[in-house]
Amino acid sequence: MFQLLRLRSSVENTPASKVKGTEDTLQLWTHPELEMQTKQVPVLWASFLLWSLYIASSQTVYPGIKARITQRALDYGLQVGMKVMEQLAKEIVIPDLNGSESLKFLKIDYVKYNFSNIKINAFSFPNTSLAFVPGVGIRALSNHGTANISTNWDVKAPLFRDSGAADLFLSGIYFTGIVALTRNNFGHPALELQDCHVQVNHARVSFSGSLSALYNSFAEPMEKPILKNLNEMLCPIAVSQVEEFNVNISALEVLTKIDNYTVLDCSLISPPEITEKHLDFNLKGAFYPLESLVDPPFTPAPFELPDSRDSMLYIGISEYFFKSASFAHFVSGALGTMLSTREISNYFNQNTQGIGSVLSKIAEIYVLSQPFMLQIMATGPPVVNLQPNNFSLELPAAVIMLTQLENSTIQPIVSMDFVASTSVGLAILGQKLICSLSLNRFRLSLPENSQRDVKVVRFENILSSILHFGVLPLANTKLQQGFPLPNPYNISFVNSDIQVLEGFLLISTDLAHETSSKPQSNLHSWGGLNLVNGPWREQPTH
């Protein structure tokens, strides 16, 4: 078709004297079907464009967790950061300062000097601020800063050589720079210091030692080259500190082992989103079976955090997060338990219920004289539903009653499917989201055309009690381990609030920095949880 279009264009632009030789071609183009095909070309291109847009939109990856940092968090982070920097500054290695100066008033052509073992003892930056730079990162601005520095020195001149100690007082320190935030190929945040500018306006050197009075008399001429060297080296030092920070971040594993069945992926799926008001991190927020990092057969739905700035941090946890957790635990075989008569008795006795009457009713229904066991297992992933002010979990499962014969063989007596509907309670403890289950409804799934007679209702009530007092306490014990929430090292949540909204949980919280005497291996941590840093060999325990 495109060849025919080019032919038609060439014919239309051909002089009339040469058209006669192309009459057959013109007759070809006046054919009605070909005319219709040429009119359909724009329609085909439009359809192709719309299909491409649809494919692109269908491949959009949405996060399972969103974390939003507000300006309040930046302001608090600045307060904490200055205290942390006071400790880190004492460990910064500052290169030696060396050079030479002529002392004309002493008629000395040159004096070579060297300042070594330079240590920052104290500093103050009273006018410092942090602000978001849309689409880029965070801008730091500070002025009127001061610093006290101690150092060793030695000088060489044609007539003498000496060494000793000195104090250096810096004032009028100005700093500005932008910490650009991106994402590396492994899902870690990556930082880069851009537009760095440091200016130290004043330096005063005070020598100590037996000849300090003499050296202090010509200290002023040395202050200018000291300032020049400092102003040249401070930005490279700042850049190296940011690069070291990046090394610590990149060393973190993005997979966290939750239990013997699952891992949680909290990698960044896209670069951080920065506006004038906040900074958003879009995290994968997906659970996987321990031995298989294959995405579940469903995708996360988009959700938006509310535009609020009252708290320092907002965390949105989508329905996908919990659905992937239920799916991963189901396919890993974690959703099942076996209860013996003794275990059932213990649970009922702890909850002040009469186990004797319950067991006698089961025995009466099935004419049992031997000890029996109940095996309860999920028949499908629990169904998660997040509606405003309501978090529910529906568990499709089967219960199998077994008895142990005299020859120690296990014989199944009856098997029934059921559906248990539970409500999920939520709380934040430390750095984790804690969930607990409470039973709402329990109903046996009967075969078609079966009637719910008195015997079925009695058995249904008995199993409901066992589920309530036996199975759910086991599940809640495991749930007390909690789900880790994304937060930096030594940061805890305070003044926290949890809301259940349409399709996601919203956690609003302030932050509190906790000082720790324990050694800090890196700048971030997931608390006491195990991090995935190699292939797993551990098998699930049942």
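**Aromatic pairs and overall build of a predicted chain**

The chain exposes about 30200 Å², of which carbon and sulfur atoms supply 55%. The model is a predicted one, and of the 542 residues in the chain, 40% count as buried. Its secondary structure comprises 10 helices and 23 strands, and among contacts between residues at least 6 apart in sequence, 67% join residues at least 24 apart.

**Aromatic pairs**

- A search of the whole structure finds 12 aromatic pairs, one of which brings together Trp153 and Phe207, whose ring centres are 5.2 Å apart and whose planes stand at 85°, so this pair is edge-to-face.
- Trp153 belongs to strand E5 (residues 137-156) and Phe207 to strand E7 (residues 189-208), so that the pair links distant parts of the chain, 54 residues apart; both Trp153 and Phe207 are buried.
- Phe322 and Phe391 are also edge-to-face, because their ring centres lie 5.0 Å apart with the planes at 65°, an angle that falls in the class over 60 degrees.
- Since Phe322 lies in helix H7 (residues 319-331) and Phe391 in strand E17 (residues 390-404), this pair ties together parts that are 69 residues apart in sequence; Phe322 and Phe391 are both buried.

**Aromatic cluster**

- Phe322 and Phe391 are members of one aromatic cluster, which is formed together with Phe287, Phe321 and Phe483.

**Charges over rings**

- The charged end of Lys66 sits over the ring of Phe303, at 5.5 Å from the centre of that ring.
- Lys323 lies over the face of Phe298, with a distance of 4.7 Å to the ring centre.

Notes:
Residues are numbered from 1 along each chain as its sequence is written. This is a predicted model: local features need pLDDT of at least 70, side-chain atom pairs count only at pLDDT 80 or more; totals for chains, interfaces and linings use all residues. Side-chain values use heavy atoms; hydrogens and water are left out. Helices (H or I, at least four residues) and strands (E, at least two) are DSSP runs, numbered from the N terminus. Buried means under 20% relative accessible area, exposed over 50%, partly exposed in between (1.4 Å probe, protein chains only). Contact means heavy atoms within 4.5 Å. Accessible areas come from the Shrake-Rupley method with a 1.4 Å probe; for residues, only the protein chains shown count as cover. Rings of Phe, Tyr and Trp (its six-membered ring) pair if their centres lie within 6.5 Å; planes under 30 degrees apart count as stacked, over 60 as edge-to-face and the rest as tilted. A charge sits over a ring if NZ of Lys or CZ of Arg is within 6 Å of the ring centre and within 35 degrees of the ring normal.
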